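Here are my notes on the model, point by point. Please keep the structure open while reading.

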Amino acid sequence: APAAKMAALSGGGGPWRRGWLPVLQLVRRGSKAVTRHWKAMHFQRQKLMAVTEYLAPRPAVPPRCLTPRRETREEENGYARLLRRQVEEVFRDNRMVVVCQYNSMPDEDVVLMRQYLRKHNIEVKFVLNEIVRPVLSQSKYKNLLPLFVARNILLVSQETKVKEMLRVLKGVPQVNLLAACIDDTILSKQGVENFAKLPTLEVSQGQTVGALTLLPSQTSSLLQRGSAHLTALLDQHIRQLQAGETGSPEEPPPAQS
């Protein structure tokens, strides 16, 4: 009887108890326990790491004693050299070179401006900043470099036709005068306007000759004034002596200029 009870409790009592499983099963799920934490390296190991650290060997010859590498220069474009040569000729062969800022304008207005300037022997040249700047940096006109930052044009002439140029530019607001180089002298915008107010070369030469002639004539008259006065006094004294000897009335002295 006790054996039968144990068999019944252990599931051997019937076939329906042998395949029975519980409907709800509790399963414990959780993170693993963290057993490793950061720990500072032992000072003995730190010493060992510092001693065994790799040091790159020093070069036998210091870098400052080595010959510098020759930089391979790119071959310059032949067309760029031609344009630079033309810019050099413009500054060398012309007495007046005016730098102007060029704003966009219709092609018809550009043609008219060129025609009006060509009547006074003034040519208009469109230049690129990357062509002009290297030329100016190596010449005596390097003070013009700050002007070539936008689109510019050059008004060149073998004569100093400043008045005529200003008269034409007055009717073209798209072209702004910045500076000029006249007779190897750099002038600002105000300097160009003051230069236009000066008289022509012939008038200036006549004024200079007149001023130089006036001074010697005044000096000569001052030097001759004393001798002429002394001569007049001696003539008057001689007349007085002659009048006293003859007893005739004294004649009035001649008028002196």
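1. Start at the hairpin of S4 and S5. Two residues sit between its strands, and Asp183 there has a positive phi near 55°. Keep in mind that this is a predicted model. The two strands run antiparallel, with four bridges joining S4 to S5, residues 185-188.

2. Strand S1, residues 96-102, pairs with S4 in the antiparallel sense, over seven bridges. Cys100 has Leu177 of S4 as its bridge partner. Is S4 mostly covered or mostly open? Strand S4 spans residues 175-182 and is mostly covered, with six of its eight residues buried. As a general point, side chains in a regular strand alternate between the two faces of the sheet.

3. The overall layout comes next. The protein has nine helices and five strands. Read from the N terminus, the order of elements is α-α-α-α-β-α-β-α-β-α-β-β-α-α. Among contacts with a separation of 6 or more, 72% involve residues 24 or more positions apart.

4. How many of the residues count as buried? The share is 21% of 257 residues. The accessible surface is about 21,500 Å², and carbon and sulfur atoms contribute 56% of that.

5. Aromatic pairs: the structure holds two. In one, the ring centres of Phe91 and Tyr141 are 5.3 Å apart; the planes meet at 35°, so this pair counts as tilted. Phe91 belongs to helix H4, while Tyr141 is in the loop between helix H6 (129-137) and S3, so the pair ties together parts 50 residues apart in sequence. Phe91 and Tyr141 are both buried.

6. The other pair is Tyr102 with Phe126. Their ring centres lie 5.2 Å apart and their planes stand at 90°, so the pair is edge-to-face. Tyr102 comes from strand S1 and Phe126 from strand S2 (residues 123-126), so this pair links parts that are 24 residues apart in sequence.

7. Look at Ser157 in strand S3, residues 152-157. Ser157 has a relative accessible area of 2%, so it is buried. What does its side chain reach? The side chain of Ser157 comes to 2.9 Å from the backbone oxygen of Asn121. Leaving aside residues up to four places away in sequence, Ser157 touches Asn94, Arg95, Met96, His120, Asn121 and Ile122.

8. Where is Thr52 found? Thr52 sits in the loop between helix H3 (43-51) and helix H4 (78-93). Its relative accessibility is 53%, so Thr52 counts as exposed; the cut-off is over 50%. A polar atom of the Thr52 side chain lies 2.7 Å from the backbone oxygen of Leu48. The backbone oxygen of Met49 is 3.4 Å from a polar atom of that Thr52 side chain.

How values were computed. Residues numbered from 1 in each chain as written. Predicted model: local features only at pLDDT ≥ 70, side-chain atom pairs only at ≥ 80, totals over all residues. Heavy atoms only, no water. Buried < 20%, exposed > 50% of the residue type's maximum accessible area, 1.4 Å probe, protein only. Polar contact = N/O pair within 3.5 Å; in protein donor to acceptor, adjacent residues only side chain to side chain. Pairing = 2+ DSSP bridges. Contact = heavy atoms within 4.5 Å. Areas by Shrake-Rupley, 256 points an atom, 1.4 Å probe, with all protein chains shown as cover. Phe/Tyr/Trp six-rings, centres within 6.5 Å; stacked < 30°, edge-to-face > 60°.
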